[in-house]
Amino acid sequence: MTGMASPVEADAGDIRAAWVWQAKSVQDDGGDELLANAAKHKINRLYVNVDMNLSDEVYRTFISKASDAGIAVEALGGDPSWAVRGREAPMLRLATWVSDYNQGAAAEEQFDAIHLDIKPYVLPAWKDDSEPLVQSWVANMKLLLEQVEANGAIDINVDLPFWLDSYTIAGTKTTDDTDNLPLSRWFMEQFNHVTLLAYRDNAQGNNGIIQLIEQEMNWADASGASVTVGVNTKPMPGEEFTTFAGKGAAQLESVLAEVAGSLRNHASYAGSAVHDIVYWGQLEPEEQPVPEKPTLQPEIRGTYIWEASQVTDDGGQQILEFAAAQHINFLYVRLDLDQPYSSYRSFVKRAQAQGIEIHAMGGHPLWGRSENRPRIERLINYVKNYNAEVEPEERFKGIHLDIEPYTLPEWNSDRDALLTEWAANISFFQEETKKDSSLETSADLAVWLDSSPLPGQDMSVSEFMINTLDHVSLMAFRNTAEGSNGIAAVVRQEMEIADRLGKPLLISVEMKENYEGAHISFYEKGAAEMEQQLAKLPELLKDYEAYQGNMVHAYDYWINAKP
């Protein structure tokens, strides 16, 4: 272990650090802009990339200002090749430069430590055979420690990803019964400080920061090293779960606070670090103005996503951009149950961060038959198991069914039997979903079913559905709001039933091309006309508490709608 007290002992409060890769930021305006950004983020430690061609006076001036502001400065450097045997010279030269600089500087002008970010695991050789690289990395670190001790003690802080605990150093067994020493543990036994790169965007759960670094925290406690927990704000397309980019400063601060609270009982916990100061500054501010809802619009405004691949293939970014432009806050999303849970996590999380509620969707006319009840059960089990595995902000809020058995031949040949089976399947759906979850249940319902009695029951199919499920989406496929055959008129009976039962209703309108009549769809009339008609509904339906919002069927048609 190199000398000097650890930050746990030396600092009164937690470390709050940031990487600064822009070496010349300490030279421009004497580093004033950099220090202003540090103050904005309440930073008390900077990992500053060193340019040894800059004059010592530049660093003396900057570090002196930083010291006055209560900010420690570490000399940052690193390259994957520094772990390769025979290519350690630039690393040793950096250590020599920092040692010489500190010896000629006043106490308030000195670097607090050398900070190494080496990352040999990005080299192709690591993937082919990591063991030789691990061995040469360790050997080069030993050379560095020897040189630092010879030149005069200075702390060395090393960046390590949390997953390095699965790599071991060959030849470090102490007995035949023991394993080789884990690479992360070796670093903690050799260096006072480690910045653990725990690049995740949540604190809790199997894939959360706290659980992922539990082993390292215990090793650090045992070795006496201190650990700063590093998080990421750089955009990572395809790996959004590793960064806070696009998720806002409020979420970053919340997770850092949660991590600190959980790890406070570890003597090794020293604080947090954010990669890096530039991307940190690009996060949305902690308090976002609440976007204005379109005038004369009810609470819910949503659409249907029928192609699961639109969510899984590109992360649903186009959907989210369209949703933002259209003030959408509610989505029914059909699931491909053959896809792994990871296919949906990022989309659901980003959607919810955008204020959009997500309900998993499935359905087929054949799901109205009792013999196809296992298909409903499979959807329920998938969503429940998914929700159990992922983080709270990645969970579906409900399950939505679109069955429509009246398109089957049996509707005309044996309607009573089909209605009975459909109703039984809906009851099964409600009961199975609610057994061990708080998932909301819902289904689409044609408005004309209020005139269809349910066999053996003293109620219509509509009343049964509204009474059984948490909410219903009424397929009020009309393209005018007013009039005897307009949207408001065709949903009134369901609204009265729902008000009596205390249940919410959504109104679905059609944007798909339709050949059943000119009054059905907004396909010919376009999106602007649809908005004008939907804007009339709150006034027309103001007497019904059940009316909660509108759904447009469906995203594919809406995004390509006529103006």
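Predicted model: local features only at pLDDT ≥ 70, side-chain atom pairs only at ≥ 80, totals over all residues.
Local features are reported at pLDDT of at least 70, side-chain atom pairs count only at pLDDT 80 or more, and totals for chains, interfaces and linings use all residues. Residues are numbered from 1 along each chain as its sequence is written, and side-chain values use heavy atoms, with hydrogens and water left out.

Starting with the big picture, the protein chain carries 23 helices and 18 strands (DSSP runs numbered from the N terminus, with helices being H or I of at least four residues and strands E of at least two). The chain is more spread out than a compact globule, because its radius of gyration is 31 Å, well over the 24 Å that the globule rule gives for 563 residues. That radius is taken over C-alpha atoms, and the globule rule is 2.2 Å times the number of residues to the power 0.38. Along the principal axes, the C-alpha atoms fill a box of roughly 95 × 60 × 40 Å. Of the 563 residues, 52% count as buried (under 20% relative accessible area, with exposed meaning over 50% and partly exposed in between, using a 1.4 Å probe and protein chains only). As for contacts (heavy atoms within 4.5 Å), residues 24 or more positions apart make up 79% of those with a separation of 6 or more.

One barrel closes from 8 strands in the order β1-β2-β3-β4-β5-β8-β9-β10, with parallel pairing (two strands pair if DSSP finds at least two bridges between them). On average, neighbouring strands here are turned by 25 degrees against each other, direction ignored. Axes are lines fitted to C-alpha atoms, for helices over the stretch in contact, and angles run from 0 to 180 degrees between N-to-C directions. Strands β1 (residues 15–20) and β2 run parallel over 4 bridges, and Ala-18 has Leu-46 as its bridge partner in β2. In β2 (residues 45–49), 5 of its 5 residues are buried: Arg-45, Tyr-47 and Asn-49 point one way, while Leu-46 and Val-48 point the other way. Further along, 6 bridges join β9 (residues 226–232) to β10 (residues 269–275), with Asn-232 opposite His-275. Helix α4 (residues 89–103) lies across β3 and β4, at about 160 degrees to β4.

Another closed barrel of 8 strands runs β11-β12-β13-β14-β15-β16-β17-β18, again with parallel pairing. Strands β11 (residues 300–305) and β12 (residues 330–334) share 4 bridges, and Ile-305 is partnered with Val-333. Helix α15 (residues 373–389) lies across β13 and β14, running at about 160 degrees to β14.

Gln-339 sits in the loop between β12 and α14. With a relative accessible area of 29%, Gln-339 is partly exposed. Its side chain makes a polar contact of 3.5 Å with that of Ser-343 (a pair of N or O atoms within 3.5 Å; within protein, one must be able to donate a hydrogen and the other to accept it, and residues adjacent in sequence count only if both atoms are side-chain atoms). Leaving aside neighbours within four places in sequence, Gln-339 touches Tyr-344 and Tyr-382.

Finally, helix α21 (residues 527–534) has Ala-527, Met-530, Gln-533 and Leu-534 as its buried residues. These lie on the same side of α21, because they cover an arc of only 120 degrees around the axis (the arc of the directions from the helix axis to the C-beta atoms). They pack against β17, α22, β18 and α23.
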